[in-house]
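Good morning, and thank you for coming. I would like to take you through one structure, and I ask you to keep it in view while I speak.

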Amino acid sequence: MLIATVLRTLNLGDIDFVHDELSALSRTGYQHFTELISKGVLTDTHPPLVQILLNYWVRLFGTGEAIVKLPFIIAGLAGIWLVWLLGKSWFSKQTALAAMAYLACSEYVIDYHQQARPYAAGFFLCLLAIWAFTRYFMGQSPGKIKFLFLYALSLALAALTH
């Protein structure tokens, strides 16, 4: 996790926005939710959750590259942690570590975790759904209704994200 964090945050302030991020940022700044949906979401083809998050995130913290990318980096890192949990649960610690190492160091994965677009959020939410599914349905936590709720919620949020 340390390597994954370093590789995603090293020179973070020097990573310019890509065109998709600039497009999404140009559709932020709305004060009212209905205006955000009509002008910021419906004018794009992506599902709405990331655009909604960006609108309120930049209102709170500004539009600097590092700060805009931060929640997506955190989502990517949380997804890698879930790969660890799932890998241990389904296979072995060695398999989980190998999967984590690949995701931590893959340039492709790092790039997508650094973009303020739906990729890292979708990655995290899909893995969260699989983890909750595993905890509820595969006998690791039988009868724990909170995992069933988390499973449904993470699937719904994933659908709104990617």
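Cysteines, charge pairs and helix packing

Cys 105 is partly exposed, because its relative accessibility is 46%. Please keep in mind from the outset that this is a predicted model. Cys 126 is likewise partly exposed, since its relative accessibility is 42%. How many disulfides does the structure have? The count comes to 0 disulfides, where a pair would need its cysteine sulfur atoms within 2.5 Å.

Cys 105 leads us to the packing of the helices. In helix 6, Cys 105 joins Leu 103 and Ala 104 in meeting Ile 3, Ala 4, Leu 7 and Arg 8 of helix 1. The axes of helix 1 and helix 6, the latter covering residues 93–105, lie 8 Å apart, at an angle of about 10 degrees. The two helices are therefore roughly parallel, because angles under 35 degrees count as such.

A second pair is formed by helix 4 and helix 5. How do their axes cross, and within what distance do they come? The axes come within 10 Å and cross at roughly 135 degrees. Helix 4 and helix 5 are therefore oblique to each other, and their crossing is right-handed. On the side of helix 4, the residues in contact are Val 50, Leu 53, Leu 54, Trp 57, Val 58 and Phe 61. Their partners in helix 5 are Ile 67, Val 68, Pro 71 and Phe 72.

I turn now to the charged residues. Side chains of opposite charge can pair when their charged atoms come close. The structure holds 3 salt bridges, and I shall describe each in turn.

In one of them, the side chains of Lys 69 and Glu 21 meet, with 2.9 Å from N to O. This pair links distant parts of the chain, for Lys 69 lies in helix 5 (residues 65–90) and Glu 21 in helix 2 (residues 19–26), 48 residues apart. Are these two residues buried or exposed? Both Lys 69 and Glu 21 are buried.

Another salt bridge joins Arg 27 to Asp 44, their closest N and O atoms being 3.5 Å apart. Here too distant parts of the chain are linked: Arg 27 is in the loop between helix 2 and helix 3 (33–41), whereas Asp 44 is in the loop between helix 3 and helix 4 (49–61), 17 residues apart. Arg 27 is buried, because its relative accessible area is 9%. Asp 44 counts as partly exposed, because its relative accessibility is 23%.

The remaining salt bridge is between Lys 39 and Glu 35, at 3.4 Å from N to O. Why are these two residues separated by about one helical turn? The reason is that Lys 39 and Glu 35 are 4 residues apart in helix 3. Lys 39 is partly exposed, because its relative accessibility is 45%. Glu 35 is also partly exposed, because its relative accessible area is 25%.

Finally, I draw your attention to a detail of the backbone. Most residues other than glycine have a negative phi. Asn 11, however, has a positive phi, near 60 degrees. Where is this residue found? Asn 11 is in the loop between helix 1 (2–9) and helix 2.

To close, let me return to two points: the structure has 3 salt bridges and 0 disulfides. Thank you for your attention.

Notes
Residues numbered from 1 in each chain as written. Predicted model: local features only at pLDDT ≥ 70, side-chain atom pairs only at ≥ 80, totals over all residues. Heavy atoms only, no water. Buried < 20%, exposed > 50% of the residue type's maximum accessible area, 1.4 Å probe, protein only. Salt bridge = Lys/Arg side-chain N within 4 Å of Asp/Glu carboxyl O. Axes fitted to C-alpha atoms, helices over the stretch in contact; angles between N-to-C directions. Parallel < 35°, antiparallel > 145°, perpendicular 65-115°, else oblique. Left-handed = near helix turned anticlockwise from the far one by under 90°. Contact = heavy atoms within 4.5 Å.
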